[in-house]
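For each site I record the place, the surroundings and the accessibility.

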Amino acid sequence: MTIGFLRFSSLPTASLLDTRSSPSPESGIVIGTARSSPSPELFTIPEKFKLFVVKFRKSLRATNKHSVAAMDPFSSTNVALKVTGEGVISWENVAVKRIRTEEEQEIANSKPSLIWKKTGGWTAASILLANQCLATLAFFGVGVNLVLFLTRVLGQSNADAANNVSKWTGTVYLCSLIGAFLSDSYWGRYLTCAIFQLIFVSGLGLVSVSSWFFLARPDGCGDGALTCVPATSMGVVIFYLAIYLVAFGYGGYQPSIVTFGADQFDESKPKERNAKAAFFCYFYFALNFGSLFSNTFLVYFEDHGKWTLGFLLSLGSAVMALVSFFFGTPGYTYVKPCGNPLPRVAQVFVAAARKWDVIPVKADELYELEGPESAIKGSRKIFHSDEFEFLDKAATMTEDDLSDQKNPWRLCTITQVEEAKCVLKMLPVWLCTIIYSVVFTQMASLFVEQGDVMHSYIGKFHLPAASMSAFDICSVLICTGIYRQILVPFAGRLSGNPKGLTELQRMGIGLIIGMLAMLAAGATEVERLKNVVDGHKVSSLSIFWQIPQYVLVGASEVFMYVGQLEFFNGQAPDGIKSFGSSLCMASISLGNYVSSMLVNMVMKITAKGDKPGWIPDDLNTGHLDRFYFLIAVLTAFDFLIYLFCAKWYKPINIDDSQNGIEMEKQGDDVLAKV
C-alpha cells in the first residue's frame, strides 16, 4: 500500500504533498503535486528511519530485484518516497505526476528525454556552423556582385539596380518568416532546413544556366570593358525566377538553422547555457567567414566577366553545404514543432475582447493548467507579467467559463496569454532595428557603386569594388574574437553579468557605431567629389578611403546582429523560437525595402528640372554624401526611440522547473520524412 509522497526541502524537515487524485488500485500509487508555498505541516524525520532507508536501498541493490533511483534520497530537494505492499522503497523526483513502476521506468529510459548524452552539443553544432559557412559562401557568390551584374550585363541604371538589389535582399529575409512559421508549426527545424536548402540549390543551378545560355554573351562580357549582348526577355525572366528561388530557399533556411543550432544545447545546464550564448557569436562568425571567400575570389572572377564560373562555384558550395547537413543527421538533437501559433495568439485577443467588460483578477487567480504540463504542446509554462494587462481578461474565469473550460476562444491559460504578450513586447524593439538595417544594406548597393567610381588599382592589379566588403568581414571576425575573449570577461567583472553586456545594451551600441559608419561614408564621398577629374568617370581618390566605413559597419554588426539573434531567440517562447530568430532576418528585409523607398523619395524630391538628384547615373554630378548623412540623422533619431523601448522592456519569465519540450533523437525517422 502506498503511504504517500514526502518532499524534502531541507534536512531534517520535510513538507507533505497534496494528494488530489485517487490512488490507483493496481499500483497503489497516489498522484500528488507539491504546494507552491511551504506547508505548515512540518515534521522531523527520525534518524533511525533514515538509516533504515539507506540499509534497505543497499539490500535492494545487492539482490538487484528492483530498480532504485540513482540519487541520494537525502541530497535532493525534489524527492518522493513510495512504499509498496511488498515493502519496496523507491525514490522519485516529484516533478512527474506519479511514481513509475520498474517496468515503466525501463520504458521511460528508452524514450527521448531532455538530457543530452549522445546527441547535440558542440559536435552537432560544429557541423551546422560548417553548413552555414558553405551556404553563406554560395549565397553571397550571387548577392555581393548582383548590383554590377544588373548594370553591366542587364544594362540597368545605378538607381534601378540599387533598388532591385534592395528589393531582392528584402525578399530574402522576408522569406525567413515563412520558414520560421513552417518550422515552428508543422515541419520542425530539421525538415525545414532540408527542404529550403534543396530549393536554394535549385535556384543557384538555374542562375548558372540562365547566365551561361542567355545573359553573359559573349563570353567574358560584363567586365566593365566588353559590352554584353542585350538580354532576351526569356533570359531575363529565367534569371529573375532563379534569383528569387535563391532568395526563397536561403531566406526560409536561415531562421531554422540558427534555432536548430541553439537546440543542440541544454538550457537547464549552466555550462551549456553559456555555450549556447557563444554559439550565436560563432554562428555570425561562420556566416562572415563564408562570405569572405565570396567577397574576394568569386568577386574577382565575376568582375572580370567570368560570371558563369562564379555562379557555378556558388552552386558547388551549396551542394557541399547540403551534403554536410545530411551527414550530421544521426547526431542532432531534435525538437518537435509546437503547432500553429497564429490560432493560439488569435484566441487570446478574441477571448479578451469577449470579456471586454470583465475586470482581470489577481495574477495568482488567473487560469492555468495544473501540474507541469503546458497548454501549448512542447512548451514550458510562462509566469505572469504585468504588461498589457487587458489581455489578462482572456485568462480570467467567469461563470460561463466554468461550464465551458475547454473552449480556448473563451478561456486561455496564463502561458498562452504570455506568449501573445511576448510578441507584443518584442515588436517595439524590433521596429527600432529596421533603420540600422538600412545602414547595413548600403554595403551591397551604394557602397559598391561608390567604390566603382574610385581609383581601384594597386599597380596594374584592379581591385573589384565589391571585394571591399572583405574589410567588413575581417572587421566582424576580429571584433567577434575581441568581444568574446576580452570585452565579455571585462564587462562581466564590472557588471556581474556573465554575458558581459545585455543583448539590449549591445544592440544600442550597434546603432551608434552604424551611425558613425554613415558619417564616415559621407565624409569619403565628400573627398571623392573633390578629386573628380573633368571628363573622367573615376575619381583619383583611392578606393581604400572606404575602409573606415566598412570596418565600422562590421563592428556594428557584431553588437547589433549577434545581439538580435540572442535577444529574439532567448525572449521568444518555446512554441515560436524560429519566429524569434526570423525577426532578425525580417529586420534586414524591411531595412532593404525602407532603403529602396528612401532612394525613390530622395530622387523624386532632388531630381527636378535640370538637377540630376543626389543619386544619378553619373555619381560625379550627384550628392551621394547627403544621402549618407540623411541616414546618419535617421539612425540618431532611431537611437533615442530605442533607448525608451529598451528601458520599458521586461524580459520573459519561464518556468524552468519542468522543461516541457519533447525531444526526438531518432535521426533516421526524421530524415525519412524528407
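**Entry 1. Gly188.** I looked up Gly188 and found it in helix H5, which spans residues 158-215. I note at the outset that the model is a predicted one. Is Gly188 buried or exposed? Its relative accessible area is 5%, which is under the 20% limit, so I class Gly188 as buried. I then asked which residues touch Gly188 once its neighbours within four places in sequence are left aside. The contacts are Leu182, Ser183 and Pro337. I also checked the C-alpha atoms of Gly188 and Lys336: they lie 5.7 Å apart in space, although the two residues are 148 residues apart in sequence.

**Entry 2. Cysteines.** I searched for disulfides and found one in the structure. Which cysteines form it? The partners are Cys221 and Cys228, with 2.0 Å between their sulfur atoms. That distance falls within the 2.5 Å cut-off, and therefore the pair counts as a disulfide. In general, such a link is a covalent bond between the sulfur atoms of two cysteines. I recorded 95° about the S-S bond of Cys221 and Cys228, a right-handed link. I next looked up accessibility: Cys221 is buried at 0%, and Cys228 is buried at 9%.

**Entry 3. Nonpolar patch.** Which helix gives the largest share of the patch? Helix H7, residues 270-303, supplies three residues. I looked up Tyr282 separately and confirmed its place in helix H7. Its relative accessibility is 32%, between the limits of 20% and 50%, so I class Tyr282 as partly exposed.

**Entry 4. Phe388.** I looked up the backbone of Phe388 and found a positive phi of about 50°, although the residue is not a glycine. I set beside this the general rule that most residues other than glycine have a negative phi. Where does Phe388 lie? I located Phe388 in the loop between helix H9 (341-354) and helix H10 (399-402).

Technical notes: Residues are numbered from 1 along each chain as its sequence is written. This is a predicted model: local features need pLDDT of at least 70, side-chain atom pairs count only at pLDDT 80 or more; totals for chains, interfaces and linings use all residues. Side-chain values use heavy atoms; hydrogens and water are left out. Helices (H or I, at least four residues) and strands (E, at least two) are DSSP runs, numbered from the N terminus. Buried means under 20% relative accessible area, exposed over 50%, partly exposed in between (1.4 Å probe, protein chains only). Contact means heavy atoms within 4.5 Å.
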